[in-house]
Amino acid sequence: MAALFMFNQRRRRRRSEATYVNAFIRVNFDPLHVLTDEAILRKYCLCRPQIEELVELLTPHLQRPTRRSYALSPSVQLLAALRFYASGSLFEVVGDGLGMSRASISRSVTAVTELLLRLLPEMAFPTTPEEIARTNRVFHAVAGIPRVIGVVDGTLVPIARPTQTEHLYVSRKGFHALNVQVVCDGRGVFTDIVAKWPDGTHDAFMWANSGLCQVAEGGDFGGCWLLGDSGYPLRPFLLTPHQQPNTDAEARFNGAQSTTRAIVERSIGVWKQRFRCVSKTAGGVQLNPTKCCSVVVVTALLHNMALRANVPLPEGEEMALDPDLPDPPNQDANPQGLEVRARLVRHMFGP
């Protein structure tokens, strides 16, 4: 009896020691200190300097006052969130790679996402004369269309099945998704994003109810225009292609407009390749719609950060392709929009 008691005591002591060791490793192990630069880029899709910059940004907000209860370091919490963004894997899978529980990963992703949403620089649409002129030059060099201030498009981001108003989020492809509107500049940097509408929302409705549309209707584009596909309404500040070009000049305009608009399509592809949690290829963001919206915006902000720092995509991976079904052609074209487009076609693409 005494021998059995001693055996159980030793077993409990070994289990307690193992738990302590595992917790110590979990809290003090920092992948940034042991991984190569190539491995960091492959696992987190950002380079070491950008991650260190984010750690410095978040540490005052994530640092616990004591190390009691084996509190996770800001670096580990950030890496957990970045790994989720980059892979789109389930929390259990992400946790296995960092020695963390599913609950710890969930808390880290939520905390880091909320902080990054608040602390990262906001997207900046060109507003000053210098910014507008620089943006115009970049776009004009693509296919010869002058005074372009941005290109707009919508894309689907798959999400987990919502528990409420589930039918609104069912896409035409049969999965649940958000419909996200993005605008980018000539480098592919996002300058505006709207991530709050279910997939059942038409691109034209998203545009009409966006803040950028209100700015454009107020005349603040200064005679510049956005380019959009045929799902958007034709306006003096938003030029869409001819649905049935009748002349060579109209066909040439359509070609140039499509070539320029392809910038936003490529940028969306790079964004979804870098952060696979927003891509159909990884199953999408398996969170509730509110948290999904936050993750979408944060990954778009990180995409901008990576582009500005010329961070490459991990080698050996092809661009994530999950093309969206286009909205039906929009027949809404006001007279001013028709006149602006006709004048542009006549002066820039005519014989």
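The model you are looking at is predicted, so local features need pLDDT of at least 70 and side-chain atom pairs count only at pLDDT 80 or more, while totals for chains, interfaces and linings use all residues. Residues are numbered from 1 along each chain as its sequence is written, and side-chain values use heavy atoms, with hydrogens and water left out.

Strand 2 covers residues 177-184, runs antiparallel to strand 3 and is joined to strand 3 by 6 bridges. Two strands are said to pair if DSSP finds at least two bridges between them. Along this pairing, Val-182 has Ile-193 of strand 3 as its bridge partner, and Leu-178 has Pro-198. In general, the strands of a sheet pair through backbone hydrogen bonds, either parallel or antiparallel.

Buried here means under 20% relative accessible area, exposed means over 50%, and partly exposed lies in between (1.4 Å probe, protein chains only).

The protein has 12 helices and 5 strands. These are DSSP runs numbered from the N terminus: helices are H or I with at least four residues, and strands are E with at least two. Of its 351 residues, 51% count as buried.

The largest nonpolar core has 76 residues, and Ile-51, Tyr-85 and Leu-302 have the most contacts inside it. Helix 11 (residues 289-308) gives the most to this core, with 11 residues. Apart from it lies another core, of 15 residues, among them Trp-207, Leu-212, Phe-221 and Leu-226. Such a core is a set of buried Ala, Val, Leu, Ile, Met, Phe, Trp, Tyr and Cys residues joined through side-chain atoms within 4.5 Å.

Leaving aside residues up to four places away in sequence, Leu-302 touches Leu-46, Leu-54, Leu-82, Tyr-85, Leu-116, Leu-120 and Phe-275. A contact means heavy atoms within 4.5 Å.

Across the protein, residues 24 or more positions apart account for 69% of the contacts with a separation of 6 or more.

Ser-73 lies in the loop between helix 3 (48-62) and helix 4. At 14% relative accessibility, Ser-73 counts as buried.

Our last stop is the second largest pocket, which is lined by 13 residues, with Pro-126, Arg-134, Thr-135, Asp-185 and Thr-191 nearest its centre. A pocket is an open set of points on a 1 Å grid over the protein atoms alone, where a 1.4 Å probe fits, with protein on both sides within 12 Å along at least five of seven lines; lining residues have an atom within 4 Å of a point. Helix 7 (residues 129-143) gives the most to this lining, with 4 residues.
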